[in-house]
Amino acid sequence: MKNTLYSEGMKMADLISSDPSLLIVIARLDIKLGFGDASVADICKRYRLSKNLFLMICDIYSFDGFKPSTDNLTLDDIPHIISYLKTSHKYYTSYFFPRLRDDIHLMIKACNESDRKIMNKFYDDYDAEVRKHFDYEEKTVFPYIETLLANGNTGKNYNIGKFEKNHSNIEEKLNDLKSIVTKYLPETCSSPARYDVLCDIFHIELDLSKHTLIENELLVPLVKRQERNE
Amino acid sequence: MNNQLRHRILLIEPSQIIATGLANMIGRHRIFETPTILSDVDKYYTINRDTYDVMIVNPSVFNFRQRFDIRHMLSIDNNTALLIISYGINDENMLYQYDGCISIYDSAEMIEKKLLTAVDSLNGTPKSESDELSGREREILAAVAKGKTNKEIAGIFNLSVYTVVTHRKNISRKLGINSIAGLTVYAMINKLIDVKDYSRNTAEND
């Protein structure tokens, strides 16, 4: 499946109406609303984004199971991908995970003390793990790539293969949390917040899976290409 | 899920169009690797086939007589799931030997469902089996939640490590929980272990 639905000639506004979940993509690329009838190509030119990258990210978000490819991307796309990933991280850490935490706190108010403690600890541990995961990318992986792009190989004992190998899976525990909240917390522990927690998880699970796809299928192969050029 | 846990599939199909299309559809699913394609059965005997746990075969690569015992023809045991590709109507007399039959008109969802069912039957778990944990599974789950390693658990229950791993896979599949932290939460909510054991167990165990 390649660029299934979208093309550079289509109006940006039509793109958003065809799949509102793309709003999050244009927000993360910092594309401001109010673009009138501008086409995708116009907007990409204005924001100095490559059309292929933009369409690729839209395809990833709109079509589950879409297999991205770097065939039509260039090394110039790397900084845009990093900036996209950084904005997503910010969304996760400063907006989404705090919201999930609040909803979990609300949810467990209805639980007995022991279950409350268990859930709190599980979530706190998970939260720490997620932060560590993003922190590693922000403090080690992205700076490595940025230096690589700016100065060529720095001679440091690091390459993107190490990231690829150790890229931990933060979706697993989220999936576990989903099972626990759906099936195993006792019925007595019920409140409207419990539904909110589940909605949060479904939403973020999908978003994270696309995020991981961008990291593993776009960023890593492109950086490898750059490394080979050195 | 990492690559090691993906199921490896061998696809024996003479039509390149069908084979490529099917391989692409399957490869998009995250628990299946993109299948290896063979166009006829002669090549099959020259490759290392032990690494595949699912085989999808077009019966037309065999002559009519051979089709009645494809497992035997491919020398595969019951640890490998066998599915066939059908272009049309099948001889009902042959269907018993397969774990599934993929029609070329099936949707992606349908194919996924058939593969998952076949893989499940591979784990020795017919679909009708209840998802309740057995007594032994509950004991093992409690030990996992207390932070014991597979080796320690094997020692405690006098089992092989391999058996412990199989139990753990079954526990995770039944509960829909994979991480140790998640299993621990389940164990405590269900009073399989005491809450105070939790402080000794941390997420680092994963």
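**Entry 1: B:Ala187.** I started at B:Ala187 and skipped neighbours within four places in sequence; what remains in contact with B:Ala187 is B:Leu141, B:Ala142, B:Ala145, B:Leu192 and B:Ile193. I call two residues in contact if their C-beta atoms, placed from the backbone, lie within 7 Å.

Housekeeping: this is a predicted model, where local features need pLDDT of at least 70 and side-chain atom pairs count only at pLDDT 80 or more, while totals for chains, interfaces and linings use all residues. Residues are numbered from 1 along each chain as its sequence is written, with chains lettered from A and ligands numbered from 1 in the order in which they are written.

**Entry 2: the core.** I looked up the largest nonpolar core and found 35 residues, with B:Leu141, B:Leu183 and B:Ala187 touching the most other members. For me such a core is a set of buried Ala, Val, Leu, Ile, Met, Phe, Trp, Tyr and Cys residues joined through C-beta atoms within 7 Å. The largest share, seven residues, is from α9(B). Helices here are DSSP runs (H or I, at least four residues), numbered from the N terminus. Apart from this core I noted another, of 34 residues, including A:Phe54 and A:Ile214.

**Entry 3: α6(B) on α9(B).** I get an angle of about 120 degrees for this pair, with the axes 9 Å apart. Axes are lines fitted to C-alpha atoms over the stretch in contact, and angles run from 0 to 180 degrees between N-to-C directions. That makes the two helices oblique, the class left over once under 35 degrees is roughly parallel, over 145 roughly antiparallel and 65 to 115 roughly perpendicular. On the α6(B) side I listed B:Leu141, B:Ala142, B:Val144 and B:Ala145; on the α9(B) side, B:Ile180, B:Leu183, B:Thr184 and B:Ala187.

**Entry 4: chain B against chain A.** I find 17 residues of chain B in contact with 18 residues of chain A. Helix α9 (residues 180-189) gives the largest share of the chain B side, six residues.

**Entry 5: B:Ile26.** Is B:Ile26 buried or exposed? I have B:Ile26 as buried, because 22 other C-beta atoms lie within 10 Å; the cut-offs are 20 or more for buried, 12 or fewer for exposed, and partly exposed in between. B:Ile26 sits in helix α1 (residues 16-27) of chain B. Beyond its neighbours within four places in sequence, B:Ile26 has contacts including B:Ile9, B:Phe32 and B:Leu115. B:Ile26 and B:Ile9 are 17 residues apart in sequence and 9.2 Å apart in space, C-alpha to C-alpha.
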